[in-house]
There are 2 protein chains.
Amino acid sequence: MAVGPDDLPTLHPVPGVRLAAVAAGIKTPGRKDLVLFELAQGTRCAAVFTRNAFCAAPVTLARENLQASENAPRYLLINTGNANAGTGEPGLVAARACVASVARHAGIDVSTVLPFSTGVIGEPLPVVPIQDAVPSALAGLAEEGWAAAANGILTTDTRPKGHSVRFTCEGQSYVVTGIAKGAGMIRPNMATMLSYIATDAAVEQALLQEMLGELVDISFNRITVDGDTSTNDACVLLATGRADNPMLASREAALYQPLRNAVEEVCIALAQGLVRDGEGAGKFVTVQVNGGRSESECLEVAFTIAHSPLVKTALFASDPNWGRLLAAIGRAGLAELDVARVQLYLNEILIAENGCRAASYTEEQGAKAMAPDEIVVRVELDRGTRTAAVWTTDLSYDYVRINAEYRT
Amino acid sequence: MAVGPDDLPTLHPVPGVRLAAVAAGIKTPGRKDLVLFELAQGTRCAAVFTRNAFCAAPVTLARENLQASENAPRYLLINTGNANAGTGEPGLVAARACVASVARHAGIDVSTVLPFSTGVIGEPLPVVPIQDAVPSALAGLAEEGWAAAANGILTTDTRPKGHSVRFTCEGQSYVVTGIAKGAGMIRPNMATMLSYIATDAAVEQALLQEMLGELVDISFNRITVDGDTSTNDACVLLATGRADNPMLASREAALYQPLRNAVEEVCIALAQGLVRDGEGAGKFVTVQVNGGRSESECLEVAFTIAHSPLVKTALFASDPNWGRLLAAIGRAGLAELDVARVQLYLNEILIAENGCRAASYTEEQGAKAMAPDEIVVRVELDRGTRTAAVWTTDLSYDYVRINAEYRT
């Protein structure tokens with residue numbers, strides 16, 4: 001079950017990036033479970049990783065190699081089927097062995113290969129099958145490999161996620177293309193989420209990292225399926241420089257804003273794509289909180305609603321249960337909240353105000369507002385001018401089934 | 001579904017307290033849904049209420065009357081079937097009307113009646129049926145009414161909760177008896193939980209309030225079913241003074257510690273009883289965190305585990321999924337956590353250490369540890385001497401079904 005169209009949109013190639021997806025037999029025989037990115041010389045790389053203290057071995061090694069290569073990796077090696085997390089020191093040895101295999105076959109320095117893993121936690125990474133599959137991955141690299149890669153990184157996802165934008169600035173055309181995976185264990189501060197976004201623009205690395213940090217904060221860090229944060233999250237932004245523009249190094253340059261807009265569009269499309277494919281998701285819910293004193297208090301209210309199992313089961317039942325919504329707002333911990341000023345809307349229908357059901361509201365309106373599979377819950381706090389939105393799903397039988405049956 | 005024995009234990013009467021449960025027809029015809037406590041003159045009352053900003057009308061009025069009566073209420077009026085929450089100003093008028101009815105028939109001041117409600121949010125409280133039932137409630141008051149009251153306050157609970165302790169101090173015998181309701185919307189800082197505990201000891205009110213605050217903090221505030229906090233929570237501790245002991249006013253008095261122990265036993269039994277009857281509960285899980293630098297960081301880890309839907313669905317599946325447990329520990333936000341020192345036990349079986357599965361651990365051991373319906377998850381942080389425990393349940397299909405079907 002997932003919300004919205006299943007089709008992967010056209011993913012435009014990004015000059016300077018070639019991709020391959022091959023079947024290494026990591027968990028499911030025959031399934032394409034190993035993805036390789038090749039990055040042109042001179043590509044700048046920005047990345048953010050999970051903040052979970054139990055971070056996986058590939059996260060540790062990717063961070064290490066990113067630094068050692070001065071943010072100029074040449075290959076990204078991504079496997080699904082095994083997270084190589086909770087594997088201690090042997091897990092790090094395994095990650096190094098896989099990376100070394102790419103370096104040896106490609107004839108480049110080992111520090112320029114970044115590893116990423118997703119799948120079962122706590123099982124030893126099957127190193128030999130991965131090593132054995134590296135030559136065919138190298139042989140299969142192609143600029144048109146984005147769709148295959150989008151499929152090759154999935155775990156419990158029911159469909160691939162990708163988004164691609166082309167834009168023109170000062171007569172030069174540019175492209176931004178991204179793919180992502182992740183369906184459960186999704187919450188702010190990164191999720192079991194892997195995301196790779198590339199542009200052919202030339203961007204100075206420090207600016208690229210700032211841009212990524214700011215955009216992750218308003219996209220991937222605004223989604224939640226179940227409040228869990230994984231051990232393996234990573235989001236990578238690559239700038240190959242093949243567009244041959246003068247190196248972008250300032251927010252004042254003409255290219256900055258259109259590029260940022262394009263990357264933002266890709267980040268938000270991918271983030272929403274993760275929620276739409278959330279485990280057991282039957283609803284795509286935007287929680288919009290307005291009129292706050294600060295963005296952080298708006299986020300506090302939005303996430304309290306989005307994480308509430310009682311709200312989420314009501315969403316699953318298409319029940320306009322505004323009482324549970326008010327209760328969630330009330331426990332979000334806002335100082336001096338005047339509940340009589342709070343207004344609550346479902347898809348533009350006013351359902352509660354003055355601490356109770358709105359006089360104009362009818363159950364028929366509520367049932368109608370809850371029927372679609374895309375719902376906006378809007379809270380007006382009426383105590384300031386700040387706003388924030390998060391995206392989430394309902395809590396269904398399928399969520400329980402998937403997570404009771406699947407050994408993460 | 002619920003964990004542990006169904007039987008209500010013997011609830012010893014508390015001299016000075018008489019109770020009645022009658023059918024007012026609030027929601028389900030014929031069901032006993034209205035409970036009245038009569039408290040002897042001179043009874044001291046301590047209480048804690050929900051911190052939810054959207055607190056219900058009866059909470060507002062009970063707070064007000066507690067103050068107006070100088071913490072010496074004479075009646076507690078409790079209805080189930082309707083929470084009188086999210087009802088705005090009309091809800092407060094309704095609560096006052098019910099309370100006034102008790103005062104009029106009993107011939108006491110209106111400020112000495114405290115109202116409590118639980119049930120559906122956002123529906124008008126049916127005042128007339130409650131008023132009509134007050135005379136028969138007054139007529140039915142009896143010292144033996146505890147079991148009937150324990151049943152009369154339930155909502156989605158599958159069974160009544162009560163606990164009773166007798167003890168002797170300096171030749172005088174005392175009793176502490178308590179009842180509670182609550183099965184969902186349960187988390188720290190009070191839940192959709194109503195709890196009434198009474199003793200015949202004479203206790204000075206300020207000391208009684210301190211004792212209640214301290215004991216709620218290590219009992220009701222240590223349980224969680226779904227992380228939601230309700231609009232109506234209340235916990236009341238009554239001291240009727242009918243044991244005729246000299247008024248207890250100091251922690252140094254001989255009676256203090258044995259009384260505190262008895263009240264603590266009742267609070268913890270009731271709190272655990274709520275979890276054992278948690279919505280859809282198939283497991284009763286103690287999360288014990290040791291070796292922390294502070295109690296608060298132990299609680300942080302314990303609640304992160306207890307709230308994780310991924311951990312809870314694994315518990316439902318009896319899956320010893322230590323990877324999800326490590327991931328929860330890792331995202332609890334502890335500064336400078338050395339994951340290599342953390343040890344994880346399931347029912348005394350060491351399952352993970354050094355950031356990975358313990359060498360001694362086998363899947364057979366794990367499956368065996370997860371099979372019982374009472375499970376202890378123990379985390380050894382090995383960075384200090386503080387400890388904390390919380391109690392929780394698994395997340396089952398039944399939890400989703402109950403909350404998707406039930407209009408709170």
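B:Ala40 is found in the loop that joins β2 (34–39) to β3 (44–49) of chain B, where helices (H or I, at least four residues) and strands (E, at least two) are DSSP runs numbered from the N terminus. The structure is a predicted model, in which local features need pLDDT of at least 70 and side-chain atom pairs count only at pLDDT 80 or more, while totals for chains, interfaces and linings use all residues. Residues are numbered from 1 along each chain as its sequence is written, chains are lettered from A and ligands numbered from 1 in the order in which they are written, and side-chain values use heavy atoms, with hydrogens and water left out.

- B:Ala40 counts as buried because its relative accessibility is 10%, buried meaning under 20% relative accessible area, exposed over 50% and partly exposed in between (1.4 Å probe, protein chains only).
- Leaving aside residues up to four places away in sequence, B:Ala40 touches B:Gly16, B:Arg74 and B:Arg242, a contact being heavy atoms within 4.5 Å.
- B:Ala40 and B:Gly241 are 201 residues apart in sequence, and their C-alpha atoms are 8.7 Å apart in space.

**The five-stranded sheet of chain A**

- An open sheet of five strands runs in the order β3-β10-β8-β7-β6 in chain A, with mixed pairing, two strands being paired if DSSP finds at least two bridges between them.
- Its edge strands are β3 (44–49) and β6 of chain A, each of which pairs on one side only.
- From one strand to the next, the twist averages 10°.
- β3(A) pairs with strand β10 (residues 234–239) of chain A in the antiparallel sense over six bridges, and A:Arg44 has A:Ala239 of β10(A) as its bridge partner.
- Helix α6 (residues 256–276) of chain A lies across β6, β7 (172–181), β8 (194–199) and β10 of chain A, and runs at about 165° to β6(A); axes are lines fitted to C-alpha atoms, for helices over the stretch in contact, and angles run from 0 to 180 degrees between N-to-C directions.

- Helix α3 (residues 127–139) of chain A has 13 residues and reaches 19 Å from its first C-alpha to its last, close to the 18 Å expected, the expected span being 1.5 Å times one less than the number of residues.
- α3(A) bends by about 30° at A:Ala133, with a proline, A:Pro135, following within four residues; the bend at a residue is the angle between axes fitted to the seven residues ending there and the seven starting there.
- The buried residues of α3(A) include A:Val127, A:Ile130 and A:Val134, and among the elements that cover its buried residues are β1 (17–22) and α2 (88–106) of chain A.
- The end C-alpha atoms of helix α7 (residues 295–307) of chain A are 18 Å apart, in agreement with the 18 Å that its 13 residues should span.
- Buried residues of α7(A) include A:Glu297, A:Cys298 and A:Phe303.

**Two hairpins of chain A**

- Strands β12 (residues 343–346) and β13 (residues 349–353) of chain A pair in the antiparallel sense over three bridges, and A:Leu346 has A:Ile349 as its bridge partner in β13(A).
- These two strands form a hairpin with two residues between them, and A:Asn347 in the turn has a positive phi of about 45°.
- β13(A) also pairs with strand β14 (residues 356–357) of chain A in the antiparallel sense over two bridges, and in this hairpin A:Asn354 takes a positive phi near 55°.
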